[in-house]
Amino acid sequence: MSDYRAGVMSEGPGYFFVIGPCFLCRELFMFNPELIICPVVNIGYGEEAVTCCESCMKIVNVARKAGGLEPIPILPAAYQPAPLP
Ligand SMILES: [Zn+2]
């Protein structure tokens, strides 16, 4: 089992973000953990929300639409650093 759920929280002056591997393409990507909307998939021993990069989410949504499902919203700031509170 890969460590696709591993993510590293990082922050700079006034912002923070998480870098982690995409569940589908395994590429590292940056996301705002408060805004990213994760698809729920069956990972073999149950369903779990997984993080996917923006490119893969667009592909997932094409597949969802083709299957008659609603696309998962991709919020504009979900793949950008988040301002620190
Ligand atoms: Zn991906």
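Modeller: Strands E1 and E2 form a hairpin with 2 residues between them, and Gly 14 in that turn has a positive phi of about 85 degrees. Strands here are DSSP runs (E, at least two residues; helices are H or I, at least four), numbered from the N terminus. This is a predicted model, in which local features need pLDDT of at least 70, side-chain atom pairs count only at pLDDT 80 or more, and totals for chains, interfaces and linings use all residues. Residues are numbered from 1 along each chain as its sequence is written.

E1 covers residues 8-12 and E2 residues 15-21; the two pair in the antiparallel sense over 5 bridges, where pairing requires that DSSP finds at least two bridges between the strands. One of the bridges links Gly 12 to its partner Tyr 15 in E2.

E2 also pairs in the antiparallel sense with strand E3 (residues 28-31), over 4 bridges. Within this pairing, Val 18 stands opposite Phe 31 of E3. The hairpin of E2 and E3 has 6 residues between the strands, and Arg 26 takes a positive phi near 70 degrees there.

A further antiparallel pairing joins E2 to strand E6 (residues 82-83) over 2 bridges. Here the bridge partner of Phe 16 is Ala 82 in E6.

Positive phi values accompany both hairpins described, at Gly 14 and at Arg 26.
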